[in-house]
Amino acid sequence: MPVREKQAESGRRRRAYGQYCGLAGALDVIGERWSLLIVRELLTGPCRYNELLASLSGIGTNLLAARLRTLTEAGVVRQVPRPGSKVRAYELTELGTGLRGAVLELARWGLGVLGAPAAGDLARPRWGVLALEAMIVQDAAGPDETYEFRVDDEVFHIRVADGAAGVVQGPAPGEPVLVVRTDAFTFIEIGAGRLSPIEATLTRRLVMDGTDQAIMRCSRLLGLTA
């Protein structure tokens, strides 16, 4: 059922832009505060309600429930059972997964306007998966190899194969040519261009285990060097 009809059925609890435009239609569904951040969380995998609440500090239980209801009614999110548990989780539908490209482009743009982290700001290591994906310059993909990233307690890796690079959650299979260890704030500051990998390495905020050649290939792939 089209989103506009679903909005009508729900008594138009939310205000719509009332414009026959693709962008306005998208904002009618995901333009409310917190909605895209919920999508960001679910792009890295299904989450239980309490997991979303913990990751989205400050949203409040009632507001989270309202946003999830809106996204579910719009066909962006659905509930699914967790294997071996009575607890249900939220995941993106095919429609919701279609937001990946837009979210990555916004994240890439947002890295360019990030200032210094303010007191009380949060940086979750799982956000590093999307940040890394947003940074990749596909034209700079080199030989087939993997780079592993250990950001706080999260582990993910870049796999380069057949001239294309992608981010995969979990440890790299086999022996990665480069292992990067850092914390979430340092990782995002490097991606935002506020901190150079060299400076982060000298201050021990970043540790890289690999050859100089592997470090350079990875740096070029992430747009950190020409």
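Strands β4 (residues 154–161) and β5 are paired in the antiparallel sense through 6 bridges; two strands count as paired if DSSP finds at least two bridges between them. Strands here are DSSP runs of E of at least two residues, numbered from the N terminus. Within this pairing, Ala161 has Ala164 of β5 as its bridge partner.

The model is predicted, with pLDDT of at least 70 needed for local features and pLDDT 80 or more for side-chain atom pairs to count, whereas totals for chains, interfaces and linings use all residues. Residues are numbered from 1 along each chain as its sequence is written, and side-chain values use heavy atoms, with hydrogens and water left out.

The pair β4 and β5 belongs to an open sheet of 5 strands, ordered β5-β4-β3-β6-β7, in which the pairing is mixed. β5 (164–169) and β7 (206–210) are the edge strands, each pairing on one side only. From one strand to the next, the twist averages 15°, where axes are lines fitted to C-alpha atoms and angles run from 0 to 180 degrees between N-to-C directions.

Strand β3 (residues 145–151) runs parallel to β6, and 5 bridges join the two. Tyr147 has Leu178 in β6 as its bridge partner. β6 is also paired with β7, in the antiparallel sense and over 5 bridges; here Val179 stands opposite Asp209 of β7.

Of the 5 residues of strand β6 (residues 178–182), 4 are buried, so the strand is largely enclosed by the rest of the structure. Buried denotes under 20% relative accessible area, computed with a 1.4 Å probe on protein chains only.

How values were computed:
Buried < 20%, exposed > 50% of the residue type's maximum accessible area, 1.4 Å probe, protein only.
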